[in-house]
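Thank you all for making time this morning.

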Amino acid sequence: MTLVAGLGIIFGTAALFVVLSGFDGLKAFSLEFTSFTDPDLKVFPKQSKTLNLSSDQRKKLNAIEGIASFSEIVQDKVLLSCEDKYLALNLKGVDAYYPQRTIDSILTYGEWMEPDLPHIVTGWGASNTLGFGIYDLTKTIRLYAPKPGKGQILSVKGAFKSMKVVNVGIFQINESLNNSMAYTSIENARYLLGLKQNQISALEIITLPNANLEDIKTELNAVFEEKIAIKNRIQLNDALYKMLNTEHVAVYLIFTLILIIAIFNIISAIVMMILHKKENLKTLFSLGADKKEIQKIFFMQGAIMTVLGGLVGLFFGITLIVLQLHFDLVMISPTLPYPVALRPLNIVIAFGTILVLGLIASRAAAWSLKKLNLTN
């Protein structure tokens with residue numbers, strides 16, 4: 001019975017650690033694209049759709065310590081059409097300072113657009129839905145955007161401004177963005193959306209590695225007289241982060257429940273041992289040992305079983321994770337190994353959980369000695 005209880009602790013600890021490490025790997029894999037596609041800081045207008053950026057403000061932005069570069073963005077909903085097929089998507093106009101690392105990480109086919117030409121770069125989903133490729137001159141591709149203004153709309157043509165464009169590249173980020181976004185130059189976006197030269201939708205800022213983000217935010221508010229909202233990378237993906245953190249807690253609780261069931265083996269093993277050694281316990285009692293001292297013996301046995309089982313389980317769990325990291329034992333696809341992450345926090349969580357549960361179970365099992373009659 002003791003051996004079974006020990007094996008339960010070993011496999012339970014190893015399983016909890018492996019699952020936590022695997023989920024951390026999946027979480028890092030899911031968030032990997034945000035490090036390439038999202039800036040360190042993004043500046044939005046607080047009360048309107050656009051923000052005026054003067055040449056003096058550009059100079060002040062360049063002078064802020066900690067900012068490596070910034071890119072002006074013009075972004076809004078448009079309609080993309082190709083041969084009587086239409087798709088509503090988010091058009092993102094970027095300037096020449098848009099980070100090259102982002103372009104290199106998302107562009108999978110074709111080229112990036114030229115700033116002075118009517119070029120766009122679409123996602124795989126959008127290009128497949130509308131049925132065009134890159135430099136497909138046999139098909140007419142147009143962008144449509146509502147004309148700003150007031151008054152009654154007299155015709156569909158008068159309500160929209162259009163631009164004939166050529167798709168020169170295809171990007172791949174994730175399923176959602178691949179189907180709902182297209183890139184173009186900021187000049188094309190301003191023309192289509194009817195914006196002036198100094199009007200932008202947002203600023204995307206890349207900071208230096210050791211930059212103080214709070215200090216940069218303070219200086220940005222001073223430059224724009226606090227008429228802006230500033231978000232960091234986590235705030236830009238707050239829904240995704242909340243979902244992943246909630247799933248992490250749910251996985252931990254589920255496997256903790258499984259561990260609790262396995263811990264019952266400790267209680268059973270100690271209770272069975274108390275019953276099996278009843279005659280020996282009577283002898284100890286007769287020699288002067290009270291029930292509290294005898295309880296300590298069985299509590300220590302359960303505690304030692306928990307500690308040793310937890311350490312052995314962690315050893316096996318860490319070994320599996322290290323082997324997966326170096327030898328790709330489990331594959332999601334022929335080219336993609338299952339992502340895992342070896343983090344000290346998971347070691348503390350797994351060992352701490354099994355230790356607390358094991359000590360509680362050992363104490364509960366030792367307390368059962370109170371009901372045992374040792375006087376006869």
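**Salt bridges and their surroundings**

Let me begin with K42 and E204, whose side chains meet in a salt bridge with a distance of 3.3 Å from N to O. K42 lies in strand β1, residues 41–45, and E204 lies in strand β11, residues 202–207, so this pair ties together parts of the chain that are 162 residues apart in sequence. Both K42 and E204 are buried. Please keep in mind throughout that we are looking at a predicted model.

A search of the whole structure finds 10 salt bridges, and another of interest is the one between R343 and D24, where the closest N and O atoms are 3.8 Å apart. This pair also links distant parts of the chain, since R343 sits in the loop between β14 (336–337) and α14 (344–367), while D24 sits in helix α1 (residues 2–31), 319 residues away. Are the two partners buried or exposed? R343 counts as partly exposed because its relative accessibility is 38%, whereas D24 is buried, with a relative accessible area of 6%.

D24 has a further partner, for its side chain makes a polar contact of 3.3 Å with the side chain of H248. H248 belongs to helix α11, residues 238–276, and it counts as buried at 17% relative accessibility. Setting aside residues up to four places away in sequence, H248 touches L20, F23 and D24.

D56 is partly exposed at 41% relative accessibility, and K60 is partly exposed at 42%.

Finally, let me turn to the nonpolar side of the surface. L320, L323, F327, L329, V330, I332 and Y338 make a nonpolar surface patch of about 660 Å². Which helix gives the most to this patch? It is helix α13, residues 291–327, with 3 residues. Helix α13 has 37 residues and reaches 53 Å from its first C-alpha to its last, close to the 54 Å expected at 1.5 Å a residue. Just after α13, D328 takes a positive phi of about 50°.

Terms used
Residues numbered from 1 in each chain as written. Predicted model: local features only at pLDDT ≥ 70, side-chain atom pairs only at ≥ 80, totals over all residues. Heavy atoms only, no water. Helix = DSSP H or I, 4+ residues; strand = E, 2+ residues; numbered from the N terminus. Buried < 20%, exposed > 50% of the residue type's maximum accessible area, 1.4 Å probe, protein only. Polar contact = N/O pair within 3.5 Å; in protein donor to acceptor, adjacent residues only side chain to side chain. Contact = heavy atoms within 4.5 Å. Patch = residues over 30% accessible without salt bridge, like charges linked within 9 Å, V, L, I, M, F, W, Y side chains within 5 Å. Areas by Shrake-Rupley, 256 points an atom, 1.4 Å probe, with all protein chains shown as cover. Salt bridge = Lys/Arg side-chain N within 4 Å of Asp/Glu carboxyl O. Expected span 1.5 Å × (residues − 1).
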